[in-house]
Amino acid sequence: MVRRTWLSCLVVASLLWGSGSSLAQQPTPIAVVSISGYDELRGDLEMIGKLGGTPELAKMVEGFIAIGTGGRGLAGLDKARPLGAVVYVDGEEFPVIGFVPVTNLKSLLQALAGPLGEAKDAGQGVYEISVGETSLYVKQQGGWAFVASEKDLLDKAPADPLKLLAGQEKKYDLAVSLSVKNLPEHLRNMVAGLLQMGAQQALEKQPGETDEQHQLRVKLAQRSLEEAIKQINDLDTVLLGLNIDQKTKTAYVDLQVTAKPGTQMAKEAAMAAKVESQMLGFVLPDAVFSVRATGPITEADRTSMKEIFPQLKKQLLEQLQDQGLSDEQIKKAKELLEELFTLLEESAEAKAMDMAASLVLKADALSLLMGGSVPNGTKIEAWFKKLVKAVQEEEPAIENHVKLNADTYEGVNLHVATVPLPPDTPDAEKLSKLLGPQLDIVLGTAPNALYLAIGQDAEKLLKKAITQSKQKAGTPVIPTEMSFSLGKFLQFLQDVAEDQGPQERMVLQSLTKILAKSGGKDNITLKVTPVPNGVQIRLELQEGVLSIFGALPQMGMIMGAPGMPAAPKLEF
């Protein structure tokens, strides 16, 4: 669902390129751009500056504006209200009308004469500004200044631009809303043709690619192309919004895609709106990175996976011939590969997925934890035991490091492997501190799930995750969540990296101190949330990450950026 959402949005952007034209009597809006307003943006900058120890950041930006406008600032601009633009569709043209809130248009034009050029009277209350070889026409109507590339377009200016914004200016600092359903059919057909042309050029046979590999790649690409075209035809709206929230001290980018009611995309979105996870114990609060994905698997995705397996199996079987193995070894390896791909094909029949993973990075511990649902866990366990037996026949010493069915915990069979770290391993001391004297690996198998833990206290971590997952089983969740802790990651680098130069070390220490002030609110998260007939993808930056943006002027001084004054002593 998410993969195809991104694919559809990438293509929609190509539909909005056109030149100005006189509008029909009843123009159809195809896109609306909204900006929250000067005061709101200034407040955002002020907040970010304070977070990063640069409270004068907003004043610095105003200073640049004052320099560019000859000391006039933005006189004549109504700084409390939003501004934006509307894109119409008129045949094969996409005329644009911008709107800016003003208290006095003449004052604003005089202030902008430096950066834009002098405004000339074009008659009927219209001003003309020449920007290079392009002319812009501006006219005030009520409390709005309307801007267009042709004078006649101003006669079609909306009576109330706020109705076009539909409240987006209150939700986002910057938003672009596309009404895909309003695209004429001939434009959709044109895009489909362009996609097909591009696909043909990209799918030419590559050097070293076999005929079978090429045929498979072409087949998969053609399927993706067909789905992309279908998705575009099913789309209703696409919204891209950016907001800096001064109350929560976060910033986020939303991509919201909705489909026409009754379409396959709308049905899939409805299915994703009601999901529960059985793997919540594998999302660790102290992880540097964690991910969880839960929800239905579409028929198209299942088909694509199953089409890849035969070619991949054939490649692996062919590579066995180049490994210097005996005939008996090749025979056993082929049997194992055949069984493995049979299991993968069975797994691909699953109609839903539920998985979670976490990576913990600390100066004295590294751990990876994973869990996922499978329809044939018992068969996978049997195959794994057969693999271990085959390896032991070739390397009897493996028996000392692998223990099958080492324990059973809450219905999960635990298989433990220990891999001693060779003393001559590069950075052996560092690795021993992170992993312990040996690398511990624990595989957990259950009829409907597989689990994996790697690192120090692997078995303890895995058991705890299994218990917590059972306790939280059935909890409603959104389809996808990912989280990356920038603070924990930078702290880990600072603790383990010993070959940094003085400048790199100073910057790393400064960033770590800045993030520490946020009290752990330093995550970058990605969340996929169902909305009516569609899905919303949100990338969010927490307070600590924003503080780094606010500290950039100071960091520039630390790094000795050209044109920056000597850096004062900074206290974080």
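Modeller: The crossing of H12 and H13 is left-handed. Please bear in mind that this is a predicted model. In general, two packed helices are described by the angle between their axes and the distance between the axes.

Which residues bring H12 and H13 together? On the H12 side they are Gln329, Lys332, Leu336, Glu339, Leu340, Leu343, Glu346 and Ser347, and they meet Lys379, Ile380, Trp383, Lys386, Leu387, Ala390, Glu393 and Glu394 in H13. Sorted by class, this contact of H12 with H13 has seven nonpolar, two polar and seven charged residues.

The axes of helix H9 (residues 211-234) and helix H11 (residues 299-320) come within 11 Å and cross at roughly 170°. H9 and H11 are therefore roughly antiparallel to each other. From H9, the residues Glu212, Gln213, Leu216, Lys219, Leu220, Arg223 and Glu227 meet Ala300, Thr303, Ser304, Glu307, Ile308, Gln311, Lys314 and Gln315 in H11. By class, four nonpolar, five polar and six charged residues make up the contact of H9 with H11.

H11 itself may be checked for its span. Its 22 residues should span 32 Å at 1.5 Å a residue, and the end C-alpha atoms of H11 are 33 Å apart, which agrees. The buried residues of H11 are Ala300, Asp301, Arg302, Thr303, Ser304, Glu307, Phe309, Gln311, Lys313, Leu317 and Leu320.

H2 has 14 residues and reaches 20 Å from its first C-alpha to its last, close to the 20 Å expected at 1.5 Å a residue. Buried in H2 are Tyr38, Gly43, Asp44, Met47, Ile48, Gly49 and Leu51. After H2 comes glycine 53, whose phi is positive, near 80°.

Serine 547, which is found in helix H18 (residues 543-558), touches Leu51, Gly52 and Ile514, not counting residues up to four places away in sequence. Is serine 547 buried or exposed? Serine 547 counts as buried because its relative accessible area is 4%, and buried means under 20%.

Another buried residue belongs to a strand. Glutamine 536 lies in strand S22 (residues 534-541) and is buried, with a relative accessible area of 14%. Leaving out residues up to four places away in sequence, glutamine 536 touches Tyr172, Asp254, Leu255, Gln256, Lys527, Val528, Thr529 and Val531.

Lysine 59 is found in helix H3 (residues 57-68), and it counts as exposed because its relative accessibility is 59%. Lysine 59 and glutamate 46 are 13 residues apart in sequence and 8.1 Å apart in space, C-alpha to C-alpha.

Most residues other than glycine have a negative phi. Glutamine 124, in the loop between strand S4 (119-123) and strand S5 (126-131), has a positive phi near 60° although it is a residue other than glycine. Glutamine 124 is exposed, with a relative accessible area of 68%. Glutamate 410, in the loop between strand S15 (402-409) and strand S16 (412-420), likewise is not a glycine and has a positive phi, near 50°. At 37% relative accessibility, glutamate 410 counts as partly exposed.

Finally, the chain as a whole may be considered. Its secondary structure comes to 18 helices and 22 strands. Of the 572 residues of the chain, 41% count as buried. Among the contacts in the chain with a separation of 6 or more, 68% are between residues 24 or more positions apart.

Note on methods
Residues numbered from 1 in each chain as written. Predicted model: local features only at pLDDT ≥ 70, side-chain atom pairs only at ≥ 80, totals over all residues. Heavy atoms only, no water. Helix = DSSP H or I, 4+ residues; strand = E, 2+ residues; numbered from the N terminus. Buried < 20%, exposed > 50% of the residue type's maximum accessible area, 1.4 Å probe, protein only. Left-handed = near helix turned anticlockwise from the far one by under 90°. Contact = heavy atoms within 4.5 Å. Nonpolar A, V, L, I, M, F, W, Y, C, P; charged D, E, K, R; others polar. Expected span 1.5 Å × (residues − 1). Axes fitted to C-alpha atoms, helices over the stretch in contact; angles between N-to-C directions. Parallel < 35°, antiparallel > 145°, perpendicular 65-115°, else oblique.
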